[in-house]
Amino acid sequence: MNSMNGLRNKSIGRRKNRVCIVHDNEMLRMMLEDHLAENPSYFMETFPTGEDFLTVLEEEEIPDSIIADFNLDSAQPKAMNGLELLKQIKSRDRSIKVIIYASQEQYGKALERISSGAVEYIMKDKGSFQKIEPFINAL
C-alpha cells in the first residue's frame, strides 16, 4: 500500500501529475496517499523524511507538486523539518511547487513558510485532505 520510492497509478499513454508526499507519520502518509490516489490523474510517491526525498529528487524527474509535513522528526529524531526541506528544494529549483501541511496555526509560522517559497500552508484538521487537492490541481 505505502509506496516509499514505489510508484502508484502508472499511466499508459498520458502524463499524470507527479505528487510527492513527505510525512514522517506512516499512517497519515498512507491515508493522504490513499485519498489522493483516488484521482486517476495523480502519480504518487511517498517519503518518510526530507532527506529521503532529496536523494530521489537528485535522481528523478522533478515532481509537479510536493506535500511536506512541517515536523518531520518522528521517523528520525535529527531529521530536517519541513521549513529546512522547503529551503533545500527552493535552492535547487525555485519553480518546484511545495504545499506545507502542518498542525501549527500561528500566523507568523504560516507566513514564514509561505515567504520561504511554499505555495500554500494547509492546517491539519478534519477537512484538510480535501483542501489539498484544489491546490495540486491549480499548480
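Helices (H or I, at least four residues) and strands (E, at least two) here are DSSP runs, numbered from the N terminus. With that in hand, the protein reads β-α-β-α-β-α-β-α-β-α along the sequence. That gives five helices and five strands.

A word on the model. It is predicted, so local features need pLDDT of at least 70 and side-chain atom pairs count only at pLDDT 80 or more, while totals for chains, interfaces and linings use all residues. Residues are numbered from 1 along each chain as its sequence is written, and side-chain values use heavy atoms, with hydrogens and water left out.

Let's start with the sheet. The five strands make an open sheet, in the order S2-S1-S3-S4-S5, and the pairing is parallel. Strands pair if DSSP finds at least two bridges between them. Strand S2 (42–47) and strand S5 (120–123) are the edges; each has a single partner strand, so one side of each has no neighbour in the sheet. On average, neighbouring strands are turned by 20° against each other, direction ignored. Axes are lines fitted to C-alpha atoms, for helices over the stretch in contact, and angles run from 0 to 180 degrees between N-to-C directions.

Now the pairings one by one. S1, residues 17–22, pairs with S2 over six bridges, in the parallel sense. Cys20 faces Glu45 of S2 as its opposite residue. S1 also pairs with S3, parallel, over four bridges. There, Ile21 stands opposite Ile67. S3 and S4 are parallel too, over five bridges. Ser65 stands opposite Lys97 in that pair.

How many residues of S3 are buried? Five of the five, so S3 is largely enclosed by the rest of the structure. Buried means under 20% relative accessible area; exposed is over 50%, partly exposed in between, with a 1.4 Å probe and protein chains only. Both faces of S3 are covered. Ser65, Ile67 and Asp69 are on one side, Ile66 and Ala68 on the other. For the whole protein, 46% of the 139 residues count as buried.

Next, two helices on the sheet. Helix H1 (residues 26–37) lies across S1, S2 and S3, at about 175° to S2. Helix H3 (residues 82–92) lies across S1, S3 and S4, at about 180° to S4. At the start of H3, a side-chain oxygen of Asn81 comes to within 2.9 Å of the backbone nitrogen of Leu83. H3 has buried residues Gly82, Leu83, Leu85, Leu86, Ile89 and Lys90. They cover an arc of only 155° around the axis, which puts them on the same side of H3. The arc is that of the directions from the helix axis to the C-beta atoms.

On to the cores. A nonpolar core is a set of buried Ala, Val, Leu, Ile, Met, Phe, Trp, Tyr and Cys residues joined through side-chain atoms within 4.5 Å. The largest has 21 residues; Val22, Phe53, Ile66, Leu85, Ile89 and Ile100 touch the most other members. S1, helix H2 (50–59), S3, H3 and S4 each supply at least two residues of this core. Take Phe53. Beyond four places in sequence, Phe53 touches Cys20, Val22, Phe47, Pro63, Ile66, Leu85 and Ile89. Contact means heavy atoms within 4.5 Å. Another core, of 14 residues, lies apart; Val19, Tyr42, Ile122 and Ile132 are among them.

The side chains of Asp69 and Lys124 are joined by a polar contact of 2.9 Å. A polar contact is a pair of N or O atoms within 3.5 Å; within protein, one must be able to donate a hydrogen and the other to accept it, and residues adjacent in sequence count only if both atoms are side-chain atoms. Beyond four places in sequence, Asp69 also touches residues including His23, Asp24, Gly82 and Tyr101.

Last, Ser103. It sits in the loop between S4 and helix H4 (107–115). Ser103 is partly exposed, at 44% relative accessible area. Leaving aside neighbours within four places, Ser103 is in contact with Met123 and Lys124. Ser103 and Met123 are 20 residues apart in sequence, yet 5.4 Å apart in space, C-alpha to C-alpha.
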